[in-house]
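Me: I have a few questions about this fold. Please walk me through them.

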Amino acid sequence: MRESILIYFFRFLFIDLTINRLKICLDKGVHFKEYKDDGFTGTDADRDDFQRLLSDICTGKINCVIIKDLSRLSRDYVEVDILIDRLFVQMNVRFISLHERIDSYNDPDSVSNMVVPITNVMNDQYCYQTSKKIRQVVDYKKRNGEFIGSYAPYGYIKDPNDKHALLVDREAAEVVKQIFAMFLNGMAVRAIVNHLNDHGVMCPSLYKQSQGLKYSCPNGQAKPMWSTITVTNMLKNPVYIGDMAQGRNRVKSYKIHKIEAVPEEDWIVVQNTHEPLVDRETFEKVKQLLKRDTRTAPKQKQLYLFSGFLRCADCGRAMSRIASKELYVYYQCGTYKSLSKKACTMHSIKSTRLEAATLYAIRQQVHLAVSYSAIVSQINLAPLKKSQSVRLERFVGFPNI
Ligand SMILES: [Zn+2]
């Protein structure tokens, strides 16, 4: 009988043994296909080849699977159980695990043998323990202010003498400084992105590759470029003020390899661990500016004077800027404009009126501040006993009594 075999194993498995077996198979005219994905861990059921294996089983392309040991199939107990007990049986697939000496065709009992469930529970537990231990070690390093990432943040390189320390990369550092300066000068993040891409500045992933690092772009883009996410993340990253802020993202669990953001109060921050590229005052200003909602039209480079500052007094929603041929600019309640004509009223105001009113308000404040300091100095200069009457006479305008 011709039997097509699919072999699913890791490169470092008992290669000789497997090759010998394969030779025997080939001599008998058996087709086989080898699936490798040794870059992944056994916990990751999304493994590409693993998915192909499942799909080939489901479509009936294969009728035998050989693996090194059960842990390579999956480290999740429930999942292995489903695969062996249901899928393989249902699809009539012969299953061989070399390490546990399981062969569902020659020795069906070996599958239902206690070894299978126990090994699977052990693998599950092993993963959990390993993951816990690794986390403890990594957290300890983070709390010590040691850098634990694979690649230094853009603008820095890993110290060749200490892979947990950061040194400034002069070339990239200049770009970082430029980005902070552009943002403080009022450029929108999107405009900064355009500027960098238009001027052929290499984005962080390209730059890393140009430095000979084996860095692959997370999104798999053929020609990676600067993006608003990259720039925004840089503007928020305390690494640039010399602080080591780690643990900003975490993997959900050893089973679910989903990355989630950690709230800022839970970050592990150690101050002044390396040379800063930006001073703390600038960083704080940038942080405040980022909190403003400053969306602009795509071609708009500079922010408008009131971007992110105006709110409707009634509903609290941001006011939208509306321009008719740039001659007549006005602001309108965002709720009224885009959500509902009944939930709020138009509340529109001309930009010129608003500017005049703002200027007036600023002048009033300046005037008050000046007068107030004059009053304070007058009071301070006046003789102690008469101070009350001086205030009344000179500033409130009461007649002399
Ligand atoms: Zn409103």
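Me: Which residue is the bridge partner of Tyr-330 in strand 14?
Reply: This is a predicted model. Strand 13 (residues 328–333) and strand 14 run antiparallel, joined by two bridges. In strand 14, Tyr-330 has as its bridge partner Lys-350.

Me: In the open sheet of three strands, which strands stand at the edges?
Reply: The strand order is 12-13-14, and the pairing is antiparallel.

Me: Do strand 3 and strand 4 run parallel or antiparallel?
Reply: Strands of a sheet pair through backbone hydrogen bonds, in either sense. Four bridges join strand 3 (residues 64–67) to strand 4 (residues 94–97). Ile-67 has Ser-97 of strand 4 as its bridge partner. The two strands run parallel.

Me: What is the bridge partner of Ser-97 in strand 5?
Reply: Strand 4 also pairs with strand 5 (residues 102–103), over two bridges and in the antiparallel sense. Ser-97 is a bridge partner of Ile-67. In strand 5, the bridge partner of Ser-97 is Ile-102.

Me: In the hairpin of strand 4 and strand 5, which residue takes a positive phi?
Reply: Four residues lie between the strands of this hairpin. The phi in question is near 50 degrees. The residue is Arg-101.

Me: Why do helix 8 and helix 10 count as roughly perpendicular?
Reply: Helix 8 (residues 189–198) packs against helix 10 (residues 228–236) with their axes 9 Å apart. Angles of 65 to 115 degrees count as roughly perpendicular. The pair is therefore roughly perpendicular, at an angle of about 110 degrees.

Me: Is the crossing of helix 8 and helix 10 left-handed or right-handed, and how many nonpolar residues are in the contact?
Reply: The crossing is right-handed. Helix 8 contributes Val-189, Arg-190, Ile-192 and Val-193, and helix 10 contributes Thr-228, Val-231 and Thr-232. By class, the contact has one charged and two polar residues, and the nonpolar ones number four.

Notes
Residues numbered from 1 in each chain as written. Predicted model: local features only at pLDDT ≥ 70, side-chain atom pairs only at ≥ 80, totals over all residues. Axes fitted to C-alpha atoms, helices over the stretch in contact; angles between N-to-C directions. Parallel < 35°, antiparallel > 145°, perpendicular 65-115°, else oblique. Left-handed = near helix turned anticlockwise from the far one by under 90°. Contact = placed C-beta atoms within 7 Å. Nonpolar A, V, L, I, M, F, W, Y, C, P; charged D, E, K, R; others polar. Pairing = 2+ DSSP bridges.
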